[in-house]
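Me: I would like to go through this model step by step, beginning with the ligand and then moving on to the fold. Could you take my questions in turn?

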Amino acid sequence: SKKADPILVVDDVRRSFGGLTAVDVGHLEVQRGTITALIGPNGAGKSTLFNLLTGFDRVDKGTWSFQGRTISGKRGHQVARAGMVRTFQLTKALTRLTVLDNMLLGAKGQAGERMAGAFARPLWKRQEKANTERAMELLERFKLIAKRDDMAGSLSGGQRKLLEMARALMTDPDMIMLDEPMAGVNPALVQSLLGHITSLRDEGKTVLFVEHDMDVIMGISDWIVVLAQGQVIAEGRPSDIRSNQQVIDAYLGS
Ligand code: ADP
Ligand code: MG
């Protein structure tokens with residue numbers, strides 16, 4: 001079996017809302033180059049954990065490191081710059097911007113924003129050109145190129161999911177975290193999304209995704225982490241998880 005090579009290591013991360021402990025993860029690792037599924041009943045804390053790890057919410061305690069560097073306490077754009085990006089359960093596509101402009105916004109936080117002085121403009125121009133080229137390549141890859149000048153609001157739910165995934169790739173991250181990328185997406189687009197996820201892994205990127213459909217999870221995951229009431233109650237290969245009574249109970253109990 002493959003040697004452990006964690007890209008993300010999480011230690012003792014907790015987050016409560018009032019009296020409710022939403023996340024209480026003792027130790028969690030995501031191995032580099034894998035597709036790892038984060039599963040668990042509604043309210044298990046999956047989205048909260050994503051929010052915490054990517055700097056969109058603050059932990060009560062805990063630390064985590066990405067590629068060997070501590071990133072706990074960093075904000076969303078700093079986490080993105082470190083190479084870890086995420087999408088949201090409810091898509092954040094800006095409906096009154098074009099598809100292409102949504103993509104270009106995804107490049108924010110890259111080099112260029114800090115540039116000032118006499119060279120700022122030409123450098124920024126060059127950066128903008130590179131960003132546009134990358135956006136066009138990704139739109140091609142995600143079959144959204146014909147929609148580039150349409151408002152994001154005119155896209156179907158599934159196309160918005162594709163746009164969000166494409167946008168997240170603007171910064172060429174090493175790891176992408178997808179929160180329910182398949183939710184509300186028609187079956188044809190689900191297949192396309194699954195293809196994109198496996199391609200990303202095959203290119204060496206690490207994928208952590210939240211999903212409910214067991215066939216989807218079992219079909220593409222290298223590793224599965226089960227969260228219930230904020231805690232990791234089981235993890236393993238798909239074949240192990242499928243037959244794990246605790247997992248079955250956690251799902252049937254929800
Ligand atoms: P999941 O994504 O696994 O369905 P969430 O992370 O969205 O679960 O939620 C975990 C728990 O934390 C739920 O009980 C939810 O109601 C609660 N929660 C999440 N965000 C907040 C918030 N901002 N304020 C209060 N409670 C929250
Ligand atoms: Mg959620």
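Reply: A residue is near a molecule or strand if its C-beta atom, placed from the backbone, lies within 6 Å of it. This is a predicted model, in which local features need pLDDT of at least 70, side-chain atom pairs count only at pLDDT 80 or more, and totals for chains, interfaces and linings use all residues. Residues are numbered from 1 along each chain as its sequence is written, while chains are lettered from A and ligands numbered from 1 in the order in which they are written.

Me: Which residues are around ligand 1?

Reply: They are F17, L20, A22, G40, N42, G43, A44, G45, K46, S47 and T48.

Me: How do they divide into nonpolar, polar and charged?

Reply: The shell holds four nonpolar residues, six polar and one charged. Here Ala, Val, Leu, Ile, Met, Phe, Trp, Tyr, Cys and Pro count as nonpolar, Asp, Glu, Lys and Arg as charged, and the others, Gly among them, as polar.

Me: And which element gives the largest share of that shell?

Reply: α1 does, with three residues. Both β2 and α1 supply at least two residues each. Helices (H or I, at least four residues) and strands (E, at least two) are DSSP runs, numbered from the N terminus.

Me: Where does α1 lie?

Reply: Helix α1, residues 46-53, lies across β1 (6-17), β2 and β4, and runs at about 65° to β2. Contact requires C-beta atoms, placed from the backbone, within 7 Å. Axes are lines fitted to C-alpha atoms, for helices over the stretch in contact, and angles run from 0 to 180 degrees between N-to-C directions.

Me: Turning to the sheet, what is the strand order?

Reply: The order is β2-β1-β4-β5, an open sheet of four strands with antiparallel pairing. β2 (20-31) and β5 (69-70) are the edge strands; each has a single partner, so one side of each is left without a neighbour in the sheet. Two strands pair if DSSP finds at least two bridges between them.

Me: How many bridges join β4 to its partners?

Reply: Two bridges link β4 (residues 61-66) to β5, and five join β1 to β4. S65 has T70 of β5 as a bridge partner, and V9 also stands opposite S65. In the hairpin of β4 and β5, with two residues between the strands, Q67 takes a positive phi near 50°.

Me: What about F66, buried or exposed?

Reply: F66, in strand β4, is buried, with 24 other C-beta atoms within 10 Å. The cut-offs are 20 or more such atoms for buried, 12 or fewer for exposed, and partly exposed in between, with C-beta atoms placed from the backbone.

Me: Which residues does F66 contact?

Reply: Beyond its neighbours within four places in sequence, F66 is in contact with I7, L8, I71, A82, G83 and M84. I7 is 59 residues away in sequence, yet its C-alpha is 5.6 Å from that of F66.

Me: Where are K143 and E180 placed?

Reply: K143 is in the loop between α4 (120-141) and α5 (157-168), and E180 is in the loop between β7 (175-179) and α6 (187-202). Phi is positive in both non-glycine residues, about 55° for K143 and near 55° for E180. Most residues other than glycine have a negative phi. K143 is partly exposed, with 14 other C-beta atoms within 10 Å, whereas E180 is buried, with 20.

Me: Finally, how many residues of α5 are buried?

Reply: Ten of its twelve residues are buried, including L162 and L163.

Note on methods: Two residues are in contact if their C-beta atoms, placed from the backbone, lie within 7 Å.
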